[in-house]
Amino acid sequence: MTQSILVTGGAGNIGSALTRALVKLPQTQVVVADNLSTGSRDKVQIDAGNLTVVKADANDFDDISSLFYRFHFTHVFHFAAVVGVQRTLANPLLVLRDITGIENVLRLCKNTGAERVYFASSSEVYGEPFEFPQNESTTPLNSRLPYAVVKNLGEVYLRTFQREFGLPFTIFRFFNTYGPRQSEDFVLPRFVRAAQRGEPLTIYGDGSQTRTFCYVDDTVDACIAVHRTRAHENEVINVGSDVEMSIRQLAEFVIEVLGSSSKLEFRPPLAEGDMTRRCPDTNKMKAILNRPLVPLEEGIRRLADHLSRPEDRPALRRVA
């Protein structure tokens, strides 16, 4: 039986990598919808006859509803959102508009008989957490900033639509995914690019804030595994690495791995939004992947290799 899958935000970092994996599934039609505000068509220039790429805004009901009624999606990955700490801090009202997109997608999934909706949530819903590692069930959500509030509210919307209408869902809480198609205003590609050029690696604050870093292939493989096995219905899954390190350690590690002459440059800390610690409980993810994650050193080398060469970009097969 053919499945029809929508990926909103499919021209972004995780969305485009997910799309490249989905088009390889048998008997699968994939539609990417992206308003291209931060995504790029270049990221979904894939030579695949089962892919359609559409410029469409999930926050505009008329825009997105036409796709639902045209393609009758069996599954929807709602990954469209304004992302990036500094971008979301600078555009809080734009971030809050994403609430409309969440409701649009869920209502259309319910009205057109979608079998499941997958939602891209974020580690940011934990806010400044009280428990480590951060567990999907026991760590209290502590959303404060608009981006975190929207993701938290999105999770509430999914649970409510499941309870009221029986719409199945899975929530992915992503923790710092990096990879070759990530915008260079995110920390790892920014550090790698600077190290390649011998330029200073800029750190906000003293660099003691900790994060974990998950290569995009691991993130996507977890999403695909959940989809293919139909596992974790109506559940939340932390998706990320559980190897915690400070931003200063990360910068020093990038310099070491790449053999760079770059130095560290410290700037005043961000006024808000830069939480002190992040480290997920990844037992669910590890169980469904059943393999080791890509080591950070290897991921950095892959990213550096990509940034050092022009990407092979075949023409789009179909663009609506």
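Student: Let's start with helix 1 and helix 8: at roughly what angle do their axes cross?

Tutor: This is a predicted model, in which local features need pLDDT of at least 70, side-chain atom pairs count only at pLDDT 80 or more, and totals for chains, interfaces and linings use all residues. Residues are numbered from 1 along each chain as its sequence is written, and side-chain values use heavy atoms, with hydrogens and water left out. Now to your helices: the axes of helix 1 (residues 13-22) and helix 8 (residues 216-229) cross at roughly 55° and come within 9 Å. That makes helix 1 oblique to helix 8. Angles under 35 degrees count as roughly parallel, over 145 as roughly antiparallel, 65 to 115 as roughly perpendicular and the rest as oblique.

Student: And what counts as a helix or an axis here?

Tutor: Helices are DSSP runs of H or I with at least four residues, strands are runs of E with at least two, and both are numbered from the N terminus. Axes are lines fitted to C-alpha atoms, for helices over the stretch in contact, and angles run from 0 to 180 degrees between N-to-C directions.

Student: Which residues make the contact between helix 1 and helix 8?

Tutor: From helix 1 come Asn13, Ile14, Ala17, Leu18, Ala21 and Leu22, and from helix 8 come Val216, Thr219, Val220, Cys223 and Ile224. Contact means heavy atoms within 4.5 Å. By class, there are nine nonpolar, two polar and no charged residues. Here Ala, Val, Leu, Ile, Met, Phe, Trp, Tyr, Cys and Pro count as nonpolar, Asp, Glu, Lys and Arg as charged, and the others, Gly among them, as polar.

Student: How do helix 5 and helix 6 cross?

Tutor: The axes of helix 5 (residues 98-112) and helix 6 cross at roughly 20° and come within 10 Å. Helix 5 and helix 6 are therefore roughly parallel to each other. Their contact has nine nonpolar, one polar and four charged residues.

Student: New topic! How are the rings of Phe161 and Phe165 arranged?

Tutor: The count comes to eleven aromatic pairs. For Phe161 and Phe165, the ring centres are 5.2 Å apart and the planes are at 55°, so the pair is tilted. Rings of Phe, Tyr and Trp (its six-membered ring) pair if their centres lie within 6.5 Å; planes under 30 degrees apart count as stacked, over 60 as edge-to-face and the rest as tilted. Phe161 and Phe165 are four residues apart in helix 6 (residues 146-165), so about one helical turn separates them.

Student: Is Phe161 buried or exposed?

Tutor: Phe161 counts as buried at 5% relative accessibility, whereas Phe165 is partly exposed at 44%. Buried means under 20% relative accessible area, exposed over 50%, and partly exposed in between (1.4 Å probe, protein chains only).

Student: Last one: how many residues of helix 7 are buried?

Tutor: Eight of its eleven residues are buried, so helix 7 is largely enclosed by the rest of the structure. The cover includes strand 7 (177-178), strand 8 (201-204), helix 9 (247-258) and helix 11 (296-308).

Student: Where is Val192, and what does Val192 touch?

Tutor: Val192 lies in helix 7 (residues 187-197) and counts as buried at 0% relative accessibility. Not counting residues up to four places away in sequence, Val192 touches Val254, Leu258, Ile300, Leu303, Ala304 and Leu307. Val192 and Ile300 are 108 residues apart in sequence and 7.4 Å apart in space, C-alpha to C-alpha.
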